[in-house]
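Hi there,

Here is the structure I promised to pass on. My notes follow it.

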Amino acid sequence: MIEAMVDLRIAYFTAFLEQDVTKKQELEDKLYGETFPRYLTRLNAMVEENRAGAGSSGFLVGSRLSIADLSVGAYLQKIGRASCRERV
């Protein structure tokens, strides 16, 4: 889980900090077209599996709110805000 968040951060900030306009566009296209969908699909599958399990929690890990849920939620909220500002 932590490695996935690190990978997402690296991909995001690599695109965000790129100075070359053409390269930045390529990185953003890959980020929004491939990277985010791949990781978000996996995270969603984890939540769905946990929801369907015996505990029916819908959390990322276990049957209660954990640091994983808070970490992923905070990161996605931050990325969402930054992405909206960039795209407007």
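Is A68 buried or exposed? A68 is buried, because its relative accessible area is 13%, and buried means under 20% relative accessible area, exposed over 50% and partly exposed in between, with a 1.4 Å probe and protein chains only. This residue belongs to helix α3, residues 67–87. Between the C-alpha atoms of A68 and M5, which lie 63 residues apart along the chain, the separation is 9.9 Å.

Before you go further, please note that this is a predicted model, in which local features need pLDDT of at least 70 and side-chain atom pairs count only at pLDDT 80 or more, while totals for chains, interfaces and linings use all residues. Residues are numbered from 1 along each chain as its sequence is written, and side-chain values use heavy atoms, with hydrogens and water left out.

As for the overall layout, the chain has 3 helices and 0 strands, giving the pattern α-α-α along the sequence. Helices (H or I, at least four residues) and strands (E, at least two) are DSSP runs, numbered from the N terminus. Of the 88 residues in the chain, 27% are buried.

An α-helix has 3.6 residues a turn, so residues three or four places apart point the same way.

How do α1 and α2 pack, and at what angle? Helix α1 (residues 2–17) packs on α2 at about 160°, with the axes 9 Å apart; axes are lines fitted to C-alpha atoms, for helices over the stretch in contact, and angles run from 0 to 180 degrees between N-to-C directions. That makes the two helices α1 and α2 roughly antiparallel, the word for angles over 145 degrees.

Happy browsing, and do write back with any questions!

How values were computed:
Parallel < 35°, antiparallel > 145°, perpendicular 65-115°, else oblique.
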